[in-house]
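I opened the notebook to look up a few points in this structure. The entries below follow the order in which I checked them.

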Amino acid sequence: MIQLEVIKGFFKREKALPAAYPMRILVIKEAEGCLHMNSGDYQLTAGRIFFIPEEGLVRLEGEIQSAYWLTFSSVLYAEFLLQHLDPLAKNLFLKLSYRDLGANEVKKTHSLIEQLRKEVDARRDAAYLSQYLSLFLGYTADLDGYLAALSLDELQQVLRFRAILEQFYKTERSIEFYAEGMGISSRKLNLFLGKVLGKSLSGLIKDRIMREAEMLLLHSDFTVDEIAKMLGFEQTSNFHSTFRRYKGITIGQFSHLG
């Protein structure tokens, strides 16, 4: 579902870069030359990150001292889109685009991607990797503005919390449980969530449950009763009322929209 490798050496235009998966990112640490695609030629410069569309071969020409070549599946990208509903996120890979990162952004990006490489090598599960990838894309594409102000340690804490939440949001509700998983006190976790994510634990859990509810209602054959049970609601009526308060419409109205 995801492949990440360090690439370096001399590249000739005649040979395209192999891609294991359709979504592609090239992160340049140090290089001289060009990236060639049907849409045009793009300079390879230090600190530049390319978001490359599915269509078209990627050809490099020049010398790369160090770069990261990241490819991942559409399934992992779908999780990112569920968390980022704005058009900028949906259009990120429609055509080739790039960002030139500042010195501090470069340092954080390289640290994040090195950690991602370790997680891939450790064969982390898809749920964990999807959260890491979502954070990485949100940061590098500048779609999550609040992430830019965070230290590398805080970024790692956000990732760890997201990964724990993704695994246990259906069954665990207590701040003590998530604090223990984070290795900090409940008070510190509450303060961290409020400062960094701007919401309480209960609010973040509700957001995740409702996002899953929307996906299941639109893209599965489960009944409403089955979905309510899957999401931890003791009674279907509670699911109905929670959904209506959250979305402003009933489950039936939402299902017809899809």
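Entry 1, Ser 66. Is Ser 66 buried or exposed? The model I am reading is predicted. I found a relative accessible area of 18% for Ser 66. The cut-off for buried is under 20%, so Ser 66 counts as buried. Ser 66 sits in strand β5, residues 59-72. I then looked up its contacts, leaving aside neighbours within four places in sequence. Ser 66 is in contact with Val 6, Ile 7 and Lys 8, and also with Ile 28, Lys 29 and Glu 30.

I placed Ala 126 in helix α4, residues 126-140. Its relative accessibility is 33%, so I noted Ala 126 as partly exposed. Not counting residues up to four places away in sequence, Ala 126 touches Met 1 and Leu 76. I also checked Val 75, which is 51 residues from Ala 126 in sequence and 9.2 Å from it in space, C-alpha to C-alpha.

Strand β2, residues 23-37, holds Cys 34. Which residues is Cys 34 in contact with, leaving aside its neighbours within four places in sequence? I listed Tyr 42, Gln 43 and Leu 44, then Arg 59, Leu 60 and Glu 61. From Cys 34 to Arg 13 I noted 21 residues in sequence and 9.0 Å in space, C-alpha to C-alpha.

In soluble globular proteins, nonpolar side chains tend to be buried together. I looked up the largest nonpolar core and found 66 residues in it. Ile 25, Phe 72, Leu 137 and Phe 239 touch the most other members. For Ile 25 I set aside neighbours within four places in sequence and read off its contacts, among them Ile 49, Phe 51, Trp 69, Phe 72, Phe 93 and Leu 137. A second, separate core has 17 residues, including Ile 28, Phe 50, Val 58 and Ile 64.

Which residues of α6 (residues 175-182) are buried? I found Ile 175, Tyr 178, Ala 179 and Met 182. Viewed down the axis of α6, these buried residues fall within an arc of 100 degrees, so they line one face of the helix. An α-helix has 3.6 residues a turn, so residues three or four places apart point the same way. The cover over the buried residues of α6 includes α5, α7 (186-197) and α8. Just after α6, Gly 183 has a positive phi of about 75 degrees.

I noted about 740 Å³ of space in the largest pocket. It is lined by 25 residues, and those closest to its centre are Leu 82, Gln 83, Asp 207, Arg 208 and Arg 211. Which helix gives the most to this lining? It is α8, with nine residues. Helices α1 (74-83), α5 (152-168), α8 (201-219) and α10 (236-247) each supply at least two residues. I sorted the lining into 12 nonpolar, four polar and nine charged residues.

Entry 7, second largest pocket. Here I noted about 210 Å³ of space. Residues lining the second largest pocket include Phe 51, Leu 88, Lys 95, Tyr 98, Arg 99 and Asp 142. Strand β6 (residues 97-100) supplies the largest share of this lining, three residues. I divided the lining into six nonpolar, two polar and three charged residues.

Methods: Residues are numbered from 1 along each chain as its sequence is written. This is a predicted model: local features need pLDDT of at least 70, side-chain atom pairs count only at pLDDT 80 or more; totals for chains, interfaces and linings use all residues. Side-chain values use heavy atoms; hydrogens and water are left out. On a 1 Å grid over the protein atoms alone, a cavity is a set of points where a 1.4 Å probe fits but cannot get out, and a pocket is an open set with protein on both sides within 12 Å along at least five of seven lines; lining residues have an atom within 4 Å of a point. Grid points are joined across faces, edges and corners, and a volume is the space filled by probe spheres set on the points. Helices (H or I, at least four residues) and strands (E, at least two) are DSSP runs, numbered from the N terminus. Ala, Val, Leu, Ile, Met, Phe, Trp, Tyr, Cys and Pro count as nonpolar, Asp, Glu, Lys and Arg as charged, and the others, Gly among them, as polar. A nonpolar core is a set of buried Ala, Val, Leu, Ile, Met, Phe, Trp, Tyr and Cys residues joined through side-chain atoms within 4.5 Å. Buried means under 20% relative accessible area, exposed over 50%, partly exposed in between (1.4 Å probe, protein chains only). Contact means heavy atoms within 4.5 Å. The arc is that of the directions from the helix axis to the C-beta atoms.
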